[in-house]
Amino acid sequence: MNKCKTSREIGGMGHSLKRKEDIRFIQGKGHYVDDIKLPGMLYMDIVRSPYAYAKIKNINIEAAMKVPGVIAVVTGRDLEKYNLHWMPTLMSDTQMVLPTDTVMYQAQEVAAVIATSKYAARDGREAVKVEYEPMKPVIDPYKSLEPGAPVLRPDKPGKTDNHIWHWEAGDKAKTEEVFSKADIVVKEQMHIPRIHVASIETCGCVADYDKINNHLTMYMTTQAPHAIRTVIALVAGHVGLTEEKIRVISPDIGGGFGGKVPVYPGYVIAIAVSFLVGKPVKWIEDRSENLQADSFARDYHITAEMAGTKDGKILATRFKILADHGYTDASANPSKFPTGMFSIATGSYDYGTAFMEADAVYTNKPPGGVAYRCSFRVTEAVHAIERMTDRFAMEVGKDPAQLRLDNFIKKEDFPWKSPTGWIYDSGDYHKGLLKAMDAVNYHQLRAEQAEKRKKGELMGIGISTFTEIVGAGPSKDFDILGIKMFDSAEIRVHPTGKAIARFGTKSQGQGHETTYAQIIAEELGIPAENIAVEEGDTDTAPYGLGTYASRSTPTAGAAAAMAARKLRDKARKIAAYLLEVSEDDLEWEPGKFFVKGAPEKSKTIQEIVFASYTNHPQGMEAGFEATHYYDPPNLTFPSGAYICVVDVDKETGAIKVRRFVAIDDCGNIINPMIVQGQVHGGLTQGIAPAMYEELIYDEAGNILNGTFMDYLVPTAVESPKWETGHTVTPSPHHPIGAKGVGESPTVGAPPAIANAIVDALSPYGITHLDIPITPFKVWKALKEKGAI
Ligand code: MCN
Ligand code: CUM
C-alpha cells in the first residue's frame, strides 16, 4: 500500500516552508542584471539636466568623443531620425526618450554616452557640454492651474493649460444633500507627498540586439516582462522588431516595490543603440539617478470631508484631489482608472453616500504616480479615510476604536456594495480590530494616556482599520494599454513526477518560487521541493501582466490552482484506467487516488504521471501538462486592523513608536512565514512615509534631498518591533480562498502612525499633520498652539 504524505510533509498550503530561492540569495549567488556580461558589451551612461525647465541651445559632444573608450554620444536629435525620441507611457500619455529642445525636470535624461567601459562612459558623460537657457519652472500644482501659467506641454495639439484629466466617482448631488443636512462635518486639507522607493538594486538593463538574426534579447529589471515585450514590439515594430523577435528576460530582482513597472528612457535608449551598433549595451543607473529621476509615488493634495451624526454615525465622505504628475502622466494604472483604486476610499464603514473627484496636472517634476507598494493609490485612499475617521471621532468626542466598531460593515453583510460601486468579497472587521485591541491592551493604554495627560506628557494611540482592493483584475474592467489583466500558469510534469511551473508574474523578493510550488503541491500532491518555479522569461513563460498591486496571488496563484486541478482531473482518468475501476469509485487524498472502501488499491500521483508517458489510455492525449489563464471574477479585499502607540517628547518633538500591532486578514494563507515577512517589510515601508520620506523641491525645481544623505530611508534602527497576527476570512471567489497581502502593511500603517501622533497632540487642539511627521513639524505645531 502506498502511504500517503500529509500536506505538511509535501509542503502544501498553510506551512512555513523556508524560501527555496534563499539558498542562492544568502550565498550571494543571485543573478541580477548587472551580473550579465556579454562578449563585446558596451556601457551607457546618461547626461542629465541640472535645470527643471530649460531650452537646450546646444549639445557639444566633441570633448566627450575624445575620451578614450567613448564610441558615441546619442542625443534626442539622433533618435528623432528614427522617430524614437518620444514614447508612450503606460497611461497613454507621451514621454520623451531624449529631448530635442526642452528639458522638463531636474535630472531628466539629455544625452547618452556609449563606451567600452562604464568608467569611460562616466568620464564621457562629464565631458558632454550642454548649453541651456533656463526658464522659470512650474513646481506648485495649484499654480500650474492658474491662468497665465506657462503651458508645459505645447507638444500636445490644442493644449492651452496644464490640466491633464478630471475624474469622479460616487453621487455628487446625494453627497451634497447629506452634507448639507448632517449634524457634524469635519474637513482637513492634506498632502500626501512625493516619495520614492529605494530598492537595494537600482534599475538597469542589457539590450542585446543580434543583427544576423534580427533578434533582441532584453535583460532588464522589470516587474512585467510580457507587457514590456508587447510595448517594445509596438514601438519598434516599424523597424522590423516584431514580437517574436523580442525576448525579455527579467533575472533576479533586488526589490521592485512598483518602481520597476514603468518603462524608463534608459531602457529605450539602450535598445536603440544596440539596434544601431549591433552590440550589447548595458545601462545601470546609480543610486542618485534612481532617487531623482525614476517614477515617484503619491503627490496627492486632498481636501477631505466627512459628514456624520453627533452620536458618531458616519453618513458620507467627500474627497477632492489635486494630483501632481510631473511633466507627463507616467503612472502605471489600469486604463480605466486614472486614480487607480482610489475609489476604495469609503473604507471599512457602512454608509451609502460618497463623492470623490480628482484633477491631474503637469508640473516640472519627474513623471510618475502610483509606485511604492501602493495597490494603485489605495495608500492615499486609506490615508484619507482613516485620518478622517479619527478626525470625526475627535469631533464627536467618541473613542476612535468604538466609533469604528459602531460603523464597520458587518461580516454577514458581505458581499457588500460600496457607494463607489465595488463589491467587497468578504471581511470580518470587528474580529480584526478586537484582536488588535486585545493584543495591545487598548483600554489599559487609554487609562495610562489619561494619567499621562494629567502630567502634561504626550502619549498617543492611533488606529487604522483599512480595506484593501487587490487582484486586478477582472477583464471586463481592467487592462493596461488594452491588454486584459488576467494572469497565467503552466505546469509541466516530467515522467518521474517532478515538475516545472511557469508564470506570467515576476517575483522581486516576494518568494514566488516557494509559494506557487506550495499551491501546486497542495492541489496535486507533488512535493513542493519537486516543483521548480520559473518566471520572468517571455520565451518560456505563458503571457501574463506581471507582479504589482499585490495581484500575483489573486491572479497567478489562482491560475496555479486551476491548472493543477486540470491535471488532477486527468490523473483521475489515468488512475481509473490503471486500477480498472470507474472514475466515480476513486477518492483523492494529497498525492494519490484510491478505490473507495479499498484503500490498499491506489495509485500515487508519481505512478500516474509515469503512466501518462509510458502507458496512457489509448485515445487520451499523452503527457502531463496544463496551462490556465485566470480571469478573476472579482478583486479580493484584504483588510487589517493596526494599532500604533507613540510617546512624543514635548520639548524636542521627538517621536518614539512604542508599540505597533498589525492584524492582517489576507484570507487563506499559503505560507505564514512569507506573509509575516511581507508584513514586516511593508510596515517598515509604512513608517517610512509616515515619519521620514519625502522628496522636496525648491521653487526652482531643484530636488533638495536627492541622495541618501538627506532622504531618510528607515533601517532596523528606526523600525519598532512589529507585533503581527492575523484573522482569516477566505475570499469566496478565489479557488484557494486567498487574498493578496504584499501591500497591505504599507497601505495601512501610515494613518495608524499619523493618528497616534495627532492623538498625542490633540489636547492642544491639533487636528491634523501632514506626513511625514517629523520632530520639527511636531515641535512647530506645539509652539504655534502655545503648548511649549
Ligand atoms: N501570500 C501568501 N498567502 C496569501 C497571500 C500572499 O502566502 N494569502 C504570499 C504570496 O504567495 C507571495 C507573497 O505572499 O509569495 C506576496 O503575495 P501577493 O500579496 O500576491 O503580492 P505579489 O506577489 O503580487 O507581490 C507584489 C507586492 C507589491 S505590489 C509590492 S509593491 C511589493 C510587495 O509585493 N514589492 C516587494 N512585497 C515585496 N517584497 C519584496 N521582498 N520585494 C518587493 O519588491
Ligand atoms: Cu504600486 S507598487 Mo507594487 O504595485 O508593484
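Biologist: Where does P772 lie?

Modeller: P772 lies in the loop between α19 (744-761) and α20 (775-784); helices (H or I, at least four residues) and strands (E, at least two) are DSSP runs, numbered from the N terminus. This is a predicted model, in which local features need pLDDT of at least 70 and side-chain atom pairs count only at pLDDT 80 or more, while totals for chains, interfaces and linings use all residues. Residues are numbered from 1 along each chain as its sequence is written, and chains are lettered from A and ligands numbered from 1 in the order in which they are written.

Biologist: Is the peptide bond from I771 to P772 cis or trans?

Modeller: Most residues other than glycine have a negative phi, and most peptide bonds are trans. The bond from I771 to P772 is cis, with omega near -5°. The bond from A472 to G473 is also cis, with omega near -20°, and G473 sits in the loop between β20 (458-467) and β21 (479-480).

Biologist: Which residues of the largest nonpolar core touch the most other members?

Modeller: A nonpolar core is a set of buried Ala, Val, Leu, Ile, Met, Phe, Trp, Tyr and Cys residues joined through C-beta atoms within 7 Å. The largest one here has 246 residues, and M44, V113, I520, A560, I753 and I757 touch the most other members. Helix α16 (residues 553-579) gives the largest share of this core, 11 residues. A560 touches A489, A501, Y516, I519 and I520, leaving aside residues up to four places away in sequence.

Biologist: How many residues surround ligand 1?

Modeller: A residue is near a molecule if its C-beta atom, placed from the backbone, lies within 6 Å of it. For ligand 1 there are 34, and the closest are G509, T515, S552, T553 and G742. The elements giving two or more residues to this shell are α15 (512-524) and α18 (672-692); α18 has the largest share, four residues. By class, the shell has 10 nonpolar, 20 polar and four charged residues (Ala, Val, Leu, Ile, Met, Phe, Trp, Tyr, Cys and Pro are nonpolar, Asp, Glu, Lys and Arg charged, and the others, Gly among them, polar). The shell of ligand 2 has eight nonpolar, three polar and one charged residues; among them are Q223, F257, R373 and Y548.

Biologist: In what order do the three strands of the open sheet stand?

Modeller: Strands of a sheet pair through backbone hydrogen bonds, either parallel or antiparallel. Here the order is β6-β2-β8, with antiparallel pairing (strands pair if DSSP finds at least two bridges between them). β6 and β8 are at the edges with a single partner strand each, so one side of each has no neighbour in the sheet. β2 (residues 54-60) and β6 (residues 102-103) pair over two bridges, with V103 as the partner of A54. Six bridges join β2 to β8 (residues 129-134), where N58 is partnered by E131.

Methods: Buried ≥ 20, exposed ≤ 12 C-beta atoms within 10 Å, placed from the backbone. Contact = placed C-beta atoms within 7 Å.
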